[in-house]
Every structure is written in structure tokens, then in C-alpha cells.
Amino acid sequence: MEKPFAITLNVGSSLANLTGSWRTFRPVYLDRLPPCNHACPAGENIQGWLFHAEAGNYEAAWRELIRNNPMPAIMGRVCYHPCETNCNRRHVDEPVSIHAVERFLGDLAIRKGWQFEMPETLTGKRVLVIGAGPSGLSAAYHLRRLGHEVTIREAGPMAGGMMRFGIPKYRLPREVLDAEVQRILEMGVDLALNTKCVDLLTTMKEGKFDAAFLAVGAHIGKRAYIPAGDSATILDAVSLLRSLEGEGQPMLGRRVVVYGGGNTAIDAARTAKRLGATEAIIVYRRTREKMPAHDFEVEEALQEGVMIKWLSTIKQADQGELMVEKMVLDEKGFPQPTGEFETLEADSLVLALGQDVDMSLLHKVPGLEFDNGMVKVDSSMMTTYPGIFAGGDMVPSERTATVAIGHGKQAARNIDAWLRGTKHVPPEPHELASIDKINTWYYSDAPKMVQPALDVVRRQSTFEEVVGGLNESNALFEARRCMSCGNCFECDNCYGVCPDNAVIKLGPGKRFEFNYDYCKGCGICVAECPCGAIKMVPENT
Ligand SMILES: Cc1cc2nc3c(=O)[nH]c(=O)nc-3n(C[C@H](O)[C@H](O)[C@H](O)COP(=O)(O)OP(=O)(O)OC[C@H]3O[C@@H](n4cnc5c(N)ncnc54)[C@H](O)[C@@H]3O)c2cc1C
Ligand code: SF4
Ligand code: SF4
Ligand code: SF4
């Protein structure tokens, strides 16, 4: 039928509207970097693996994830998830629970027995890794993927580093740790346990290694000078936590005081409770706001009955009691003594004041540079001695398992390039998909899925895992909350709204392209793209 008064475009009727040369801006498709990806210390392509998970394609999601991080079941449990702190969805309702989906994929991979791919070609180069903590394991995995022969020398009786001898079982069950470590070893990584390296250059020479990655961590508990009577029981938190992996359980007594304000102090106090202490008290010299421990861990500890004494320092330790001085914060936020003292009953005192690095294996390596007890590395993770790289807790950086994993990956890529006589050039970073690029109103409300938690009574007396995982339907729902920031998810909006039919659909998974002969540069596609995957650029660029 004729349309007498109004001109209505049927699909395809605009094909004759060749634009001519008057357009000053044109749209281009691009991939922007989502803020979650940008914030992950392991460099995970989170948006990329969530995209597969959203479609229920879990193995593809896991395979995308492990390109950067070989331990998702572990990281989904212990990582402090800076990805979520930066997730754009927090401006809509709550961040995507990325760690929970990561954990779901990691656990599923263990259940299904998914394996890593073996290297396609072998280079014949031999790399020595010192330390089987997260950094050493990550480096070994990435080096192996790149085709190198890898040997790990580990001083301890089991692999895992602080993931085994620091992080308690109630946060990281050992069967999960064992499964993800074993999968790395099955790629053909050689692991020598109970083999402490005492002289790096000799070990490298004897083993004919072409390069080395050092990841010995920081294991020497710092001591504060506290005058103590002979019979006072004082131990450091790391030794306490490590002893739980052995046969005998440490004797702490009924009243345990932990001195410090970091996550290790929280773990030591929560562990003391589980070992039967009726009172576990953390003494910290500043306030809760200034405490380095993460808020959720403080909260979990308080739920379990751990007590915290703020603005207090320990002045003297004697059998059965401690002398504690009250502090006040000065105008700069530093604690200052008040001269007011009180007595605190304590059967044992656990010091959680941080750890130093044991550098003794490096004593014969000439020309190394150090910074505050840690070895200095450049942006390629190489020390000042050519061919010796280092990462994790022993280099100046944030001390987390995820940062350690990221260092291992970065070092592996640079070691690979160094062995080939080239330089690893990381890809140019994409521009950030900040929240102003996202049309949040396109996304429907979807409350965050909550992970189940063990009841508090069981938490106080057992080492059972406290936080549970998401089931499949909740993990799928959570993955679908992702807004795919900066990356086209083929919603067809641009295709549908273009008044000039200048958008060409290339088919499932292939996205779209513009037909610039018909685009007049109106920018409607940019305005209506939910996730900021199109931008306008000046015509002459
Ligand atoms: C109690 C506690 C709880 C923590 N909780 C968390 C958490 O929840 N989330 C998080 O992200 N991070 C956490 N961390 C920090 C995290 O565990 C560390 O940052 C991380 O393990 C560092 O990894 P790494 O590989 O550098 O060193 P490590 O994990 O310390 O591993 C170093 C390995 O090297 C071995 N080694 C040392 N010297 C030698 C030698 N000379 N020869 C051979 N082997 C050697 C050691 O035996 C060890 O196995 C926690 C730390 C502690 C202490
Ligand atoms: S490793 Fe940590 S920061 Fe990276 S995706 Fe997992 S939870 Fe997020
Ligand atoms: S919404 Fe998705 S892509 Fe965007 S920041 Fe969050 S997890 Fe990343
Ligand atoms: S509008 Fe939809 S289909 Fe078009 S680029 Fe954006 S996400 Fe992709």
C-alpha cells in the first residue's frame, strides 16, 4: 500500500542513500579494556572468560582464564579480588562476583579433570625456578607452555609456599591446592622437594641452566623488641601457621594474644580459636580504619569471637600476662604513646608483624641491587644480574598470591624473550572502558549472588572451609550480570538503530562492520551501544 504523507524507511530502502563527502566523524568498532581486567594482578581477561561462561560454555571460559592464571580454584578463594573493587557494575548495583565465578570454573575443571595443553614445540632451554609458591608455580607453568624445560627446587616438603604454609585450610582446602599444583606438574615440570638452594650460581652451573627465576617469598617473621620474662611463650604467626601442616598441634593455651594488624594477624587469631583458645585477642596500635587487614576478614574474625584491642601496643611480656600501653592517633594519623598502661592475661603471644626475605642463596651473586631487604628487578622482572629474574614477595611490590602469580607470568614471558635473544614487547594497552562509556540503563536489575557460609559454631571449632561455592545456576546468573564493558556482545542495537542501514552483520561470533558509503556519521550507534564498543573518530584519521 502507498504511504501518502509520511516517509517510512523499510529495511534496505536506504541503500540508495550514498553519503557523499560531508561526514566529519565516523563510527569505528573497538575493544576497550574493562576496568576489571585492568585491575587483575594476574592479568586475566575477565570479560573474555565471563563471555563464554554466560553462554554456559564453561570449558571455553576456563581455557580463556588459564591463559593468564593456572590456579583459578585457588585464586577464586584467596584473591582479594581488586577486579571487583573496580568493576563498573558497582555503579549499577553491586560488582560482579568475579572471584565466585572463577572459583566455580576452577572447581568444575578439577571435577571434570580438564588438563593443560602440552607445549607444541620444545626449545631445549633449561630454566631453574627456586621456590614452589604461587610465583614459582606460575612461572613454571608459563615457561612450560612456551616450550622450555623447567625444574623447580623447593626447600619445603610440599609445594604451595604460603598458600600451604600460611593461608589456613578453612580458606583454602588442601585438596584444591593439591589438584591445581598437580596439574601444573603434569605438564612435565620437574619438582625437587626438600631441596633448599644455598648458592644460586653454583646450582645454575651444575644443572646447566640457561636462566633462573627466583621466588623464595618472605618467610622470616619480624620480631619487635618486647622485654620478656624467661617463661613467656612468644612465637611468630608464620611459624604457628606453618606448624599446622605438620603432625603435632601447637600448644597455645586458653588465652592467646596476637600482635599486629594485617591479614596474617587475623589468620593467626582465627586459627587460635579453632585450636581451642577461649580468648583470641588481636592487639593493634592503630584504629580499624587504619588496619591493613581486609574488612571482610576482620568481619569474619569478629563473627567467630575474635576480639580486637585497638590503639594499643605491647610493652612487656611475662608468664601469663602482658603489659599494654594505650595509644592515641596524632593529627597525621600516627599512633603516639599515652603513658597509660593496663595488664592483659595471655598464655601465649603470637607476633604477626610482617616477614623478611632470606637472601642467603644470593650471597655469591655479584652486582645485585636491593631495596629495603628485597631484590630489585626491572620492568621485565630481571635483576641486575643478566639471566636471573625474580618475583613475588621477595621483590618490592604488594604481597599477595595474585601479584605473585602475575609476576611469574610476566617473568616467564621475559625469560622466553631473553633466551631467544629478543625483547618481550607487551601489546599496546587498549583505552579504558570507564563507566562514562557504558549505557547502564540498558542493563536490567540483577542482585549479586551470595556465597553460602558455614555456620559460626562449626567455624569456631573446625578447619572446614568457611565460604562455599556457587552452584551452576547461580554462577551462570552471576556471569550474566557482566556488562561486557568495552567489548561487543552482539546485542544488535547498532544494527537495529542505524537509520541508514550502514551496519553490516557478519554473523554469529564475527560481530559487525560499517559500510561507510552509507554512514552519514550521525553517531546514533555510539549513543545506543550499551557497552561502549563503538566510538566516533574524525573523518580524516
Ligand atoms: C598467613 C598468610 C595469609 C595470606 N593470605 C593471603 C590471601 O588470602 N590472599 C593472597 O592473595 N595472599 C595472601 N597471603 C600472601 C601470599 O601468600 C604471598 O604473597 C604469596 O604466597 C607469595 O608468593 P611467593 O611465590 O613469592 O612466595 P611463597 O608463597 O612464600 O613461596 C616461596 C617458596 O620458596 C621456598 N623457598 C624459600 N627459600 C628457598 C630456597 N633457598 N631454596 C628453595 N626453596 C626456597 C619456600 O619454601 C616456599 O615454598 C598470605 C600470607 C600469609 C603469611
Ligand atoms: S585473580 Fe583476583 S583479581 Fe584476578 S580475576 Fe581472579 S579474583 Fe579477580
Ligand atoms: S561489568 Fe563485567 S566487564 Fe564490566 S568491569 Fe564488571 S566484570 Fe568487568
Ligand atoms: S550496539 Fe551491541 S552489537 Fe553494536 S557494537 Fe554495541 S554491543 Fe555490539
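Mentor: The sulfur of C522 lies 6.2 Å from the closest cysteine sulfur, that of C498, which is too far for a bond. In general, a disulfide is a covalent bond between the sulfur atoms of two cysteines, and the criterion applied here is a pair of cysteine sulfur atoms within 2.5 Å. By this rule the count comes to zero disulfides. C531 is likewise in no disulfide, the nearest cysteine sulfur, that of C529, being 3.9 Å away.

Mentor: Before we continue, note that this is a predicted model, in which local features need pLDDT of at least 70 and side-chain atom pairs count only at pLDDT 80 or more, whereas totals for chains, interfaces and linings use all residues. Residues are numbered from 1 along each chain as its sequence is written, chains are lettered from A and ligands numbered from 1 in the order in which they are written, and side-chain values use heavy atoms, with hydrogens and water left out.

Trainee: Are C522 and C531 buried or exposed?

Mentor: The scale is relative accessible area, computed with a 1.4 Å probe on protein chains only: buried means under 20%, exposed over 50%, and partly exposed in between. C522, at 41%, counts as partly exposed, whereas C531 is buried, with a value of 1%.

Trainee: Which residues are the closest to ligand 4?

Mentor: A residue is taken to be near a molecule if one of its heavy atoms lies within 4 Å of it. For ligand 4 there are 13 surrounding residues, and the closest are C488, C491, C494, F512 and C529. To sort such a shell by class, Ala, Val, Leu, Ile, Met, Phe, Trp, Tyr, Cys and Pro count as nonpolar, Asp, Glu, Lys and Arg as charged, and the others, Gly among them, as polar. The shell around ligand 4 then has 10 nonpolar, one polar and two charged residues.

Trainee: And which residues are around ligand 3?

Mentor: Those around ligand 3 are P34, P35, C36, Q47, L50, C87, N88, I98, C482, M483 and C485. The elements that give two or more residues to this shell are α1 (35–39) and α2 (46–54); here helices are DSSP runs of H or I with at least four residues, and strands are runs of E with at least two, numbered from the N terminus. By class, the shell of ligand 3 divides into nine nonpolar, two polar and no charged residues.

Trainee: How should I read the length of a helix, for instance that of α14?

Mentor: The expected span is 1.5 Å times one less than the number of residues. Helix α14 (residues 401–419) has 19 residues and should therefore span 27 Å, and its end C-alpha atoms, 26 Å apart, agree with that.

Trainee: What is the order of the strands in the open sheet of three?

Mentor: Two strands pair if DSSP finds at least two bridges between them. The order is β11-β12-β13, with antiparallel pairing. β11 (312–318) and β13 (335–345) stand at the edges, each with a single partner strand, so one side of each is left without a neighbour in the sheet. β11 and β12 (residues 321–329) pair over six bridges, with D318 opposite E321, while eight bridges join β12 to β13, where V328 stands opposite Q336. β12 and β13 form a hairpin with five residues between them, and G333 in the turn has a positive phi of about 90°.

Trainee: Which residues other than glycine have a positive phi?

Mentor: Most residues other than glycine have a negative phi. Among the exceptions here is H81, with phi near 35°, in the loop between α4 (72–78) and α5 (82–85). Another is N194, at about 50°, in the loop between β4 (190–192) and α10 (200–206). H81 is buried, with a relative accessible area of 17%, whereas N194, at 55%, counts as exposed.
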